[in-house]
Amino acid sequence: MPPEYVAGFVFLASVIVLGAGFIFSARAARHGPDDYEPIHHTGYRVRRYWFVGLMALGLIALGLTLPHMPYPLVREPASATPVTVVHVTGQQWYWTISPSTVTAGQVVEFEVTSKDVNHDFGIYDANSNIVGQVQAMPGVTNHLYMTFKKPGTYPVRCLELCGLDHTLMTSAIIVKPAKG
Amino acid sequence: MTTIPITPQAPAAPQWSTHANEANRRMTAIWVVTGGVLLAGLALLGLLLRLTQSTGVLPDRWFYAILTLHGAGMVAVTLMALAATVWYIVRDELPLSHRVNVTIYCLAVTAAVLVVIATLAGHFGTGWTFLYPLPSHPGPSAAMGGWNPAWSYLYEVAVALVALAFALWGAEILRAGVVRFGNPGRMFGLDLVSGHSKPGDPNTTTPSIIAAGVMAVNGVFTVIPGAVIVILMLINNANTSFTMPALFAKELIYFTGHMLVNFDIYLGAAIAYAVLPAYAKRPWQANRVLVLAWLSTMILIIFPYFHHLYMDFAQPTGLAIVGQVASYASALPSAVVTIFGGVLLVYRSGMKWTPAPLFLFAGFAGWTIGGVGALIDSTPSVNEYFHNTLWVPGHFHTYMALGAVMFLLGGVYHATPLIAGKPLSERIGSIGARFILTGGWIVVLTFFASGAMSIPRRYAHVSIPRFEAMATIGLVGACIAAIGVLMIAGDVLRVYLPGLSPQVPSPPVPAPPLEEVPS
């Protein structure tokens with residue numbers, strides 16, 4: 001399952017749980033009025049667990065996600081690993097990608113920059129799901145490491161509003177099968 | 001953690017003067033009418049944007065111009081309207097200057113006029129974030145349909161005016177707070193932290209004043225980076241051979257923008273602190289935990305802005321980690337103290353869900369669920385897939401439209417009898433709220449689902465998979481919400497416009513009283 005779907009389902013579960021909590025609270029608020037002192041007293045005890053629970057959830061999320069950051073510090077392969085370098089330049093409103101054909105299973109290093117304004121180099125798969133992105137910024141070269149597992153055509157879109165014809169700024173990466 | 005004894009709200013400070021109160025009332029009425037008309041109009045422009053994504057009804061140059069107007073307008077108008085409402089709420093506690101209020105209003109209205117001209121007359125269409133150097137580089141040729149860079153001046157000056165107006169608001173809140181409490185420490189409740197005062201003691205601060213004070217401090221210093229980037233971009237407009245590092249410019253823009261958006265929601269909390277107790281008939285006092293939560297927010301609000309630059313890999317990775325940790329940490333004070341406190345306050349309180357508490361409670365839900373969506377997106381390994389997709393408008397519409405604006409409506413419904421001399425219609429408010437909440441949640445959940453499907457944000461009409469279908473579902477939600485928006489906006493005009501006449505005396509309608517609570 002694509003990572004964005006996983007995150008989407010985590011969010012959906014949160015919406016259901018939190019939404020049910022707020023609806024329950026709103027309905028419970030109609031009852032009473034009860035004496036606030038014991039509610040307040042119990043509530044402050046519950047709040048301690050709420051605080052510790054959220055802290056624990058945050059630390060778990062950090063532990064699970066930090067190792068998967070998309071940055072060169074994490075993704076740059078060992079020096080012995082062969083890397084295909086692809087130069088990408090954004091310009092209103094087209095991409096220059098060289099070479100635009102890479103090999104499945106091989107590490108690709110996209111060196112991404114811009115000649116004019118900010119663009120966002122977004123790579124999609126055949127199912128129109130984002131598989132990777134990095135900003136194309138004038139005067140800066142960003143390095144995105146990716147490994148395409150499946151051969152095929154990967155559409156490229158600009159994801160940063162860059163002027164009137166922003167939506168027309170498209171291209172593609174061709175991923176050919178690995179030999180042998 | 002010890003249980004803090006419950007006592008009635010701190011006694012009200014002296015009323016500053018009848019004349020000041022009448023001037024304050026009229027000024028607040030003007031704010032409500034201006035804010036109400038602008039917010040309703042901007043919301044309808046949002047509907048037009050979704051209609052365009054669904055059907056292509058607008059040409060692209062109009063789409064991006066209206067997108068810019070809608071985004072910048074919503075952020076700024078909500079901010080200034082919330083600031084004006086908080087001003088009204090704390091007016092009896094703090095000796096605020098009417099003249100400053102008028103000045104802030106003039107600055108805000110001037111900014112609104114400039115943005116309207118730049119976008120609707122000049123087709124300035126960078127999006128509200130006006131990333132350098134796009135304002136001075138609209139494209140290969142303005143004749144191809146982009147904007148003339150000259151229009152950028154108006155927009156950038158408008159941004160500076162909004163930041164200046166809010167800084168002025170902040171400076172006046174801080175000045176008045178120090179006058180009222182004698183020193184900043186007591187204004188922020190440090191006497192409660194040190195144990196020199198107890199919750200409910202006379203002359204202790206209130207949660208609304210603490211929240212307003214924290215936003216005031218941040219507002220005052222946010223104007224500095226805001227002014228720096230606007231000046232640099234104005235120079236770049238005048239002479240494009242003057243350049244600056246694009247990453248530096250982006251840092252300044254997103255720092256300023258991030259702070260201004262956050263002020264919206266936290267000012268909403270200041271309203272909830274003051275108003276919700278009147279309907280729950282229970283006190284919501286400043287205490288040690290609340291003070292510490294807000295003081296930590298004062299710091300934590302600053303650092304999450306790095307999450308806007310996660311996809312700029314040239315930004316040091318350490319700053320991305322700071323962004324993630326700070327984003328998570330900044331949610332804690334809100335979730336543990338304010339939102340939990342609000343739910344606890346109403347629990348089995350015998351609450352009648354009239355429009356004011358309904359909007360406030362809905363605001364807590366929007367703030368919480370929008371916050372979860374933002375936290376997911378503030379994780380770099382997830383942001384790689386959600387950055388610049390419709391997930392982003394998903395989370396900010398949730399905590400802005402269904403959070404901050406709900407708090408604003410709650411405050412307006414509560415205070416209208418005092419400001420306008422008669423209440424807004426409960427029936428229209430209740431029905432309108434249901435339209436807004438039903439339609440609003442369809443809008444935002446469609447944004448989230450679209451983001452999870454990798455649909456880009458800020459795209460005019462385009463033929464890519466799922467784009468039109470999801471925009472159409474969102475459009476249905478926007479139409480439902482628009483019915484509620486128009487109902488409530490119409491009622492606001494019906495009630496407020498006659499009261500803007502200077503002959504109308506200040507109406508002595510009291511807010512619902514607090515019941516006796518155990519001490």
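At what angle do helix α8 and helix α10 of chain B pack, and how far apart are their axes? I will start there, and please keep in mind that this is a predicted model.

Helix α8 of chain B covers residues 246–280, and helix α10 of chain B covers residues 317–346. The two pack at an angle of about 10°, with their axes 10 Å apart. Angles under 35 degrees count as roughly parallel, so α8(B) and α10(B) are roughly parallel to each other.

Which residues of the two helices meet? From α8(B) come B:Ala269, B:Ala272, B:Leu276, B:Pro277 and B:Ala280. Facing them in α10(B) are B:Thr338, B:Gly342, B:Leu345 and B:Val346. Sorted by class, this contact of α8(B) with α10(B) holds seven nonpolar residues, two polar ones and no charged ones.

Next, the contact between the chains. Chain A puts in 72 residues and chain B 73 residues. On the side of chain A that touches chain B, the elements giving two or more residues are α1 (3–29), α2 (36–65), α3 (72–75), β5 (119–124), β6 (130–136) and β7 (142–147) of chain A. That side of chain A has 38 nonpolar, 24 polar and 10 charged residues.

Last, a sheet in chain A. Five strands form an open sheet in the order β3-β9-β8-β5-β6, with mixed pairing. β3 (101–103) and β6 of chain A are the edge strands, each pairing on one side only. On average, neighbouring strands here are turned by 25° against each other, direction ignored. As for β5(A) and β6(A), they pair in the antiparallel sense over six bridges. A:His119 stands opposite A:Ala136 in β6(A).

Terms used. Residues are numbered from 1 along each chain as its sequence is written. Chains are lettered from A and ligands numbered from 1 in the order in which they are written. This is a predicted model: local features need pLDDT of at least 70, side-chain atom pairs count only at pLDDT 80 or more; totals for chains, interfaces and linings use all residues. Axes are lines fitted to C-alpha atoms, for helices over the stretch in contact, and angles run from 0 to 180 degrees between N-to-C directions. Helices (H or I, at least four residues) and strands (E, at least two) are DSSP runs, numbered from the N terminus. Angles under 35 degrees count as roughly parallel, over 145 as roughly antiparallel, 65 to 115 as roughly perpendicular and the rest as oblique. Two residues are in contact if their C-beta atoms, placed from the backbone, lie within 7 Å. Ala, Val, Leu, Ile, Met, Phe, Trp, Tyr, Cys and Pro count as nonpolar, Asp, Glu, Lys and Arg as charged, and the others, Gly among them, as polar. Two strands pair if DSSP finds at least two bridges between them.
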